[in-house]
Amino acid sequence: MSLLLNKLQLTASLFRPSLTKKVIPMKFIHPTFVKFDEINENNDKKHPKIPPSKDRTKIIPVEISIAYLKSSAYKTTYGDGPVWQIYRRNFKGQYAPRKTRKMCIRGGVVSTGSPCPICRDEYLILDYRNIDLIKQFISEHDGRILNYNTTGLCQKAHRNLHVAVMKAKEFGLLTYEVPYLYYNYQEWNK
């Protein structure tokens, strides 16, 4: 009630014709204004500060990603298996959804609680030159790209994986052999 009265007094003092200096009382300043100013120190009123763990605006070169796959930090994080092997997506309800989410990163910020294996680690970059990472998403048996329900990739990362695989095949960086099965046709000629 007192806040409303202060606002009314302020508006009345603005319209009153006087030469006296108008002073806003300290009770009138609301604490949300102070908090908003603390968040936006650099006068950027549209975007509050982003925690560094969720910021994906920094561009990392592919060479750093390739070196990361050979480092000891990668081995301690993921072990000897593929990147997607230890990943488990959170979902609401008893049954997993038929499709994975459309994207994990919106506007340069990780927007979900459990992003896909590629989006959660900023040093994993899907590029046609990063063959060690691409091979983790290709089946050993028939050379096909694994389904996103198996790997847990978001749909955007899965499309980027398709593009990287096609480019790597065009440049000859990614080769695979489909095993040829030999049949004994003597069994069929009885």
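Q: Which side chain meets that of Asp80 in a salt bridge?
A: Side chains of opposite charge can pair when their charged atoms come close. A salt bridge here is a side-chain nitrogen of Lys or Arg within 4 Å of a carboxyl oxygen of Asp or Glu. In this structure the side chains of Asp80 and Lys75 meet in such a bridge, at 3.9 Å from N to O. The model is a predicted one, in which local features need pLDDT of at least 70 and side-chain atom pairs count only at pLDDT 80 or more, while totals for chains, interfaces and linings use all residues. Residues are numbered from 1 along each chain as its sequence is written, and side-chain values use heavy atoms, with hydrogens and water left out.

Q: Is Asp80 buried or exposed?
A: Buried means under 20% relative accessible area, exposed means over 50%, and partly exposed lies in between (1.4 Å probe, protein chains only). Asp80 is exposed, with a relative accessible area of 76%, whereas Lys75 counts as partly exposed at 45%.

Q: How many salt bridges does a search of the whole structure find?
A: The search finds four. One of them joins the side chains of Glu63 and Arg129, at 3.9 Å from N to O. This pair links distant parts of the chain, 66 residues apart, with Glu63 in helix 3 (residues 62-69) and Arg129 in the loop between helix 5 (117-120) and helix 6 (131-134). Helices (H or I, at least four residues) and strands (E, at least two) are DSSP runs, numbered from the N terminus.

Q: Which residues gather in a patch of positive charge on the surface?
A: A charged patch is made of residues with over 30% relative accessible area and no salt bridge, like charges being joined within 9 Å. Lys and Arg count as positive, and the place of a charge is taken as NZ of Lys or CZ of Arg. Here the patch gathers Arg98, Lys99, Lys102, Lys156 and Arg159. Arg98 lies in the loop between helix 4 (72-78) and strand 1 (105-106), and is exposed, with a relative accessible area of 77%.

Key: Patches are made of residues with over 30% relative accessible area and no salt bridge: like charges are joined within 9 Å, nonpolar side chains (Val, Leu, Ile, Met, Phe, Trp, Tyr) within 5 Å. Accessible areas come from the Shrake-Rupley method with a 1.4 Å probe; for residues, only the protein chains shown count as cover.
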